[in-house]
Amino acid sequence: MSDAKAEILGRIRASLWDNPQPAEPVRAYRRESDKGSEEIIEMLVDRLIDYKANVYHETEETIAARVGELLGKSSRYVVPTGLKTEWLPEDTAARSRVVDSGNANKPGALSVRELDAIDAVVTSSTVSCAETGTIALNSTETEGRRAITLVPDHHICVVPVDTIVELIPETVARLNFDKPITWISGPSATSDIELIRVEGVHGPRTLDVIILK
């Protein structure tokens, strides 16, 4: 051990000789919402629109038509294996879906090059935090692996109303941290030193959110 390193470690030991303990953190923040569901949904929508996402309200009966409208008449889009087919429009000669296997090391998984040629992706979501306007994807079968939501230029994300909460602690409680998590707050964007906004730098340029009742 060098003299310099020995001196540094000696100073650390000397400063900790009385075993000081940090103060107990004060957690006075709210852990559960006291707001009604409609107020929470309105808060989330307000935040999403502020982040330049497009928001739509649909039901199980109308969602497929909305997804078809958002995809357009001519497109090729990717979906995860567990997404409800009832949410999707019928394939046509000009518009078709590709199902990603969900595992980059198994057959049926699209490469990054293949994903880059895809027009859009349609997924569900695990939980959405109204307080921050953030949607969380937890790599479930209805959301797929992170790559399919980060590479295509257009993300259509379905947010069931029963997955919307107000607070961050409520959001965290619904997540499985053993799996990758993608946090979405509007379309991908950044700003340079002159504060010029550029979208699509590290994710989709267009985010369409469907609030599903």
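Two strands pair if DSSP finds at least two bridges between them. In this predicted model, strand S5 (residues 127-129) and strand S6 pair in the antiparallel sense, with three bridges. Within this pair, Cys 129 stands opposite Thr 134 of S6. Four residues separate S5 from S6 in a hairpin, and Gly 133 in the turn has a positive phi of about 70°.

Strand S6 (residues 134-137) is also paired with strand S9 (residues 182-184), again in the antiparallel sense and over three bridges. Here Ile 135 stands opposite Ile 184 in S9. In a regular strand, side chains alternate between the two faces of the sheet. In S6 both faces are covered: Thr 134 and Ala 136 are buried on one side, and Ile 135 and Leu 137 are buried on the other.

Ile 135 also belongs to the largest nonpolar core, which has 18 residues. Leu 44, Leu 48, Ile 135, Val 159, Ile 164, Val 209 and Ile 211 have the most contacts inside this core. At least two of its residues come from each of helix H2 (37-50), S6, strand S7 (154-160) and strand S12 (206-212). The largest share, six residues, is supplied by H2. Another core, of 15 residues, lies apart from this one and includes Val 67, Leu 70, Val 122 and Ile 156. In soluble globular proteins, nonpolar side chains tend to be buried together.

The surroundings of Val 209 were examined in turn. With residues up to four places away in sequence not counted, Val 209 touches Leu 48, Ala 53, Asn 54, Val 55, Tyr 56, Ile 135, Cys 157 and Val 159.

Side chains of opposite charge can pair when their charged atoms come close. A search of the whole structure finds 11 salt bridges. One of them joins Arg 30 to Glu 166, with the closest N and O atoms 2.9 Å apart. Arg 30 lies in the loop between helix H1 (3-15) and H2, and Glu 166 in the loop between strand S8 (164-165) and helix H6 (168-173), so the pair ties together parts 136 residues apart in sequence. Arg 30 is partly exposed, at 37% relative accessibility, whereas Glu 166 is buried, with a relative accessible area of 2%.

A salt bridge also links Asp 91 and Arg 97, whose closest N and O atoms are 3.5 Å apart. Asp 91 is partly exposed at 38% relative accessible area, and Arg 97 is partly exposed at 24%. Salt bridges with shared partners join Arg 30, Asp 34, Lys 35 and Glu 166 into one network.

Technical notes:
Residues are numbered from 1 along each chain as its sequence is written. This is a predicted model: local features need pLDDT of at least 70, side-chain atom pairs count only at pLDDT 80 or more; totals for chains, interfaces and linings use all residues. Side-chain values use heavy atoms; hydrogens and water are left out. Buried means under 20% relative accessible area, exposed over 50%, partly exposed in between (1.4 Å probe, protein chains only). A nonpolar core is a set of buried Ala, Val, Leu, Ile, Met, Phe, Trp, Tyr and Cys residues joined through side-chain atoms within 4.5 Å. Contact means heavy atoms within 4.5 Å. A salt bridge is a side-chain nitrogen of Lys or Arg within 4 Å of a carboxyl oxygen of Asp or Glu.
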